[in-house]
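Trainee: I have a new structure to read. Can you take me through it feature by feature?

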Amino acid sequence: MERLTSPARLMIVSDLDHTMVDHHDPENLSLLRFNSLWEHAYRHDSLLVFSTGRSPTLYKELRKEKPLLTPDVTIMSVGTEITYGNSMVPDHGWVDALNHKWDLGVVKEETGKFSELTLQAETEQRPHKVSFYVDKSKAEEVIKELSQRLEKRGLDVKIIYSGGMDLDILPQGAGKGQALAYLLKKLKSEGKLPVNTLACGDSGNDAELFSIPDVYGVMVSNAQEELLKWHAENAKDNPKVIHAKERCAGGIIQAIGEFKLGPNLSPRDVSDFLECKVENANPGHDVVKFFLFYERWRRGEVENSEAYAASLKASCQPGGVFVHPSGAEKSLVDTIGELRKHHGDKQGKKFRVWVDQVLATETAPGTWMVKLDKWEQSGDERIGCTTTVKFTAKEGEGLVWEHVEQTWSEESKLKDDSSWII
């Protein structure tokens with residue numbers, strides 16, 4: 001969060017499973033739509049927060065399976081763990097706050113007396129969270145008796161039931177809502193309270209997010225019955241919380257527009273980039289637009305025309321250089337020219353391209369350095385490159401690509417020099 005020197009224009013706080021991520025969408029199109037919108041319009045001055053019931057282990061597994069962006073903040077294990085940045089640095093102040101009237105040993109002892117509770121996987125048992133499965137028909141009775149037992153033992157806990165089967169026991173001060181409240185308080189103390197915050201969810205453990213004052217909320221169209229019931233009983237007259245018409249990340253994009261929080265036209269929803277003009281020079285937008293065009297080119301979704309080839313070459317500095325991940329240097333214009341022979345080579349195949357952490361710095365008047373991670377998914381193989389692009393602004397020509405340099409990403413399993421184009 002230190003990269004922002006002023007309050008974020010927008011902070012999105014989103015659940016992952018069935019909210020940001022649509023597990024019924026094998027092409028991940030709604031997620032990719034959100035990704036391109038975020039990177040082109042929001043990354044530079046806004047904050048992305050993932051708030052998930054997943055433990056760190058299962059969260060990292062999901063990142064390998066789905067084209068998730070890198071968030072600024074990750075709230076995991078139903079609001080019991082807060083971490084920051086790529087390296088996921090833990091918030092020790094939050095850990096100290098959760099220790100009040102919490103004893104993991106006592107929780108384990110008391111829950112062991114309930115035959116109705118089935119312990120979840122070991123990865124889901126955390127220092128401030130104990131998780132079980134329980135049949136829906138027995139949940140209410142178990143929760144009532146368990147709450148009484150733990151209270152008698154001097155503990156102050158919260159029991160959350162979600163998804164019609166998951167039961168989580170946390171310190172009373174924990175939960176997605178409290179974690180968000182803590183984060184907002186922390187940002188306010190630093191003079192960086194976001195201008196607007198949008199909370200996004202689909203299940204019972206997301207309800208708390210919508211209870212935080214001055215926060216907008218969206219329940220995606222596929223929200224579960226338990227969340228809709230909570231909304232009907234607690235927030236039906238709150239105009240700041242809506243039930244979207246679109247599923248998952250599509251519902252988040254819809255909410256941005258309905259609440260007028262900023263642009264909500266994803267570059268993936270633009271059919272012809274030759275017709276897409278931006279009033280102000282925006283190197284982040286140019287990067288998103290180019291790599292999305294590159295995906296469509298290789299999928300054969302755009303025409304192999306001279307107009308496109310000419311437009312791409314015109315956007316490159318004649319003496320521009322491309323440094324391949326292998327270390328080989330090529331002419332940038334020649335590299336773009338070589339794209340023509342790859343037109344449609346991924347047609348009918350599972351091939352997607354996305355960019356992450358697009359951050360532009362103006363190093364001199366009219367000159368920008370843009371750093372990003374560029375990813376390609378081809379079938380089950382994912383390849384990534386850390387990319388640096390130098391742009392210069394030329395009167396009447398807009399932004400011109402002057403230098404591109406790529407190195408293999410550490411997370412990239414396959415580092416195939418021969419198949420990587422740009």
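Predicted model: local features only at pLDDT ≥ 70, side-chain atom pairs only at ≥ 80, totals over all residues.

Trainee: Which residues lie nearest the centre of the largest pocket?

Mentor: Arg63, Lys64, Trp375, Arg382 and Glu411 do. They belong to a lining of 36 residues. Helix H2 (56–65) and strands S15 (351–364), S16 (367–378) and S17 (381–394) each give two or more residues to that lining. The largest share comes from H2, with 5 residues.

Trainee: What classes of residue make up the lining of the largest pocket?

Mentor: There are 16 charged residues, 10 polar and 10 nonpolar.

Trainee: Now the cavities. How many of 30 Å³ or more are found?

Mentor: A cavity is a space where the probe fits but cannot get out. A search of the whole structure finds 4 cavities of 30 Å³ or more.

Trainee: Which residues line the largest cavity?

Mentor: Among them are Leu32, Arg268, Phe291, Trp354 and Val355. Helix H1 (29–41), helix H9 (283–298) and S15 each supply two or more lining residues. By class, the lining has 7 nonpolar residues, 2 polar and 1 charged. S15 also gives two or more residues to the lining of the largest pocket.

Trainee: What about the second largest cavity? How much space lies there, and what lines it?

Mentor: About 50 Å³ of space lies in the second largest cavity. Its lining is Phe290, Leu312, Ser315, Cys316, Leu332, Ile336, Trp401 and Ile422. Of these, 7 are nonpolar and 1 is polar, with no charged residues. Remember Trp401 and Ile422; both come back below.

Trainee: Next, a single residue. Is Lys374 buried or exposed?

Mentor: Compare the relative accessible area with the cut-off: under 20% is buried. Lys374 counts as buried because its relative accessibility is 0%. This lysine sits in strand S16.

Trainee: What does the side chain of Lys374 reach?

Mentor: The side chain of Lys374 reaches the backbone oxygen of Ile422 at 2.5 Å. Ile422 is also part of the lining of the second largest cavity.

Trainee: Let us turn to strand S10. How many of its residues are buried?

Mentor: In S10 (residues 197–201), 5 of the 5 residues are buried, so the strand is largely enclosed by the rest of the structure.

Trainee: Which residues of S10 lie on each side?

Mentor: The general idea comes first. In a regular strand the side chains alternate between the two faces of the sheet. In S10, Thr197, Ala199 and Gly201 are on one side, with Leu198 and Cys200 on the other. Both faces are covered, and these residues are all buried.

Trainee: Which strands pair with S10?

Mentor: Strand S1 (residues 11–14) is joined to S10 by 4 bridges, and the two run parallel. Ser14 stands opposite Cys200 in S10. S10 also pairs with strand S11 (residues 216–219), in the parallel sense, over 4 bridges. There, Ala199 has Gly217 in S11 as its bridge partner.

Trainee: Last, the backbone. What is phi for Met88?

Mentor: Look for positive values in residues other than glycine. Phi of Met88 is near 55 degrees, a positive value. Met88 lies in the loop between strand S4 (81–84) and strand S5 (89–90).

Trainee: And where is Lys101?

Mentor: Lys101 is in the loop between helix H3 (92–98) and helix H4 (104–111). Its phi is positive too, about 55 degrees, although Lys101 is not a glycine. Lys101 is partly exposed, with a relative accessible area of 47%.

Key: Residues numbered from 1 in each chain as written. Heavy atoms only, no water. 1 Å grid on protein atoms, 1.4 Å probe; cavity = no way out; pocket = protein on both sides within 12 Å on 5 of 7 lines; lining within 4 Å. Nonpolar A, V, L, I, M, F, W, Y, C, P; charged D, E, K, R; others polar. Points joined across faces, edges and corners; volume = space filled by probe spheres on them. Buried < 20%, exposed > 50% of the residue type's maximum accessible area, 1.4 Å probe, protein only. Polar contact = N/O pair within 3.5 Å; in protein donor to acceptor, adjacent residues only side chain to side chain. Pairing = 2+ DSSP bridges.
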